[in-house]
Amino acid sequence: MKKKYHCLALKEYMAKGNPVTNLEALTMFGVNSLQAMVSDLRKSGWVIESRTITYVEALRRVNNFLVLTHPKDLAVRDILLREYWVTA
């Protein structure tokens, strides 16, 4: 059975070239399976790049839209996330 994604907004966000991590997909769009969505988009012909960024980089970006904080003892510069974006 083909998966259906309830959030067209995330696809539109990515189509504009905006990078997105799992943190952003979940908190901003309610999508908890970004990797599955990226896989399906690639199968549909989308060209999607990726790279590893730190948690703190993703948190800064998310905080442009939401307010998220982390525990003071958390080593946020050591936590890595994968971000994806669409290229032409």
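A nonpolar core is a set of buried Ala, Val, Leu, Ile, Met, Phe, Trp, Tyr and Cys residues joined through side-chain atoms within 4.5 Å. Buried means under 20% relative accessible area, exposed over 50%, and partly exposed in between, with a 1.4 Å probe and protein chains only. The model is predicted: local features need pLDDT of at least 70, side-chain atom pairs count only at pLDDT 80 or more, and totals for chains, interfaces and linings use all residues. Residues are numbered from 1 along each chain as its sequence is written, and side-chain values use heavy atoms, leaving out hydrogens and water.

**View 1. The largest nonpolar core has 14 residues.** Leu 10, Met 14, Val 20, Leu 34 and Ile 48 touch the most other members. Helices H1 (8-15), H2 (22-29) and H3, with strand E3, each give two or more residues. (Helices, H or I of at least four residues, and strands, E of at least two, are DSSP runs numbered from the N terminus.) H3 gives the most, with 4 residues. A second, separate core holds 9 residues, including Leu 23, Ile 53, Leu 59 and Val 62.

**View 2. Leu 34 and its contacts.** Contact means heavy atoms within 4.5 Å. Neighbours within four places in sequence aside, Leu 34 is in contact with Leu 10, Met 14, Val 20, Thr 21, Asn 22, Ala 25 and Tyr 84.

**View 3. Helices H1 and H3 cross at roughly 65°.** Their axes come within 12 Å. Axes are lines fitted to C-alpha atoms, for helices over the stretch in contact, and angles run from 0 to 180 degrees between N-to-C directions. H1 contributes Leu 10, Lys 11 and Met 14 to the contact; H3 contributes Leu 34, Met 37, Val 38 and Leu 41.

**View 4. Three strands form an open sheet in the order E1-E3-E2.** The pairing is antiparallel; two strands pair if DSSP finds at least two bridges between them. E1 (20-21) and E2 (48-54) stand at the edges with a single partner strand each, so one side of each has no neighbour in the sheet. Helix H3 (residues 34-43) packs on the sheet and touches E1, E2 and E3. Its direction makes about 155° with that of E2. E2 and E3 (residues 80-86) are joined by 7 bridges. Arg 51 stands opposite Glu 83 in E3.

**View 5. Thr 21 lies in strand E1.** Thr 21 counts as buried because its relative accessibility is 0%. Not counting residues up to four places away in sequence, Thr 21 touches Leu 34, Ile 53, Ala 58, Arg 61, Leu 81, Arg 82 and Glu 83.
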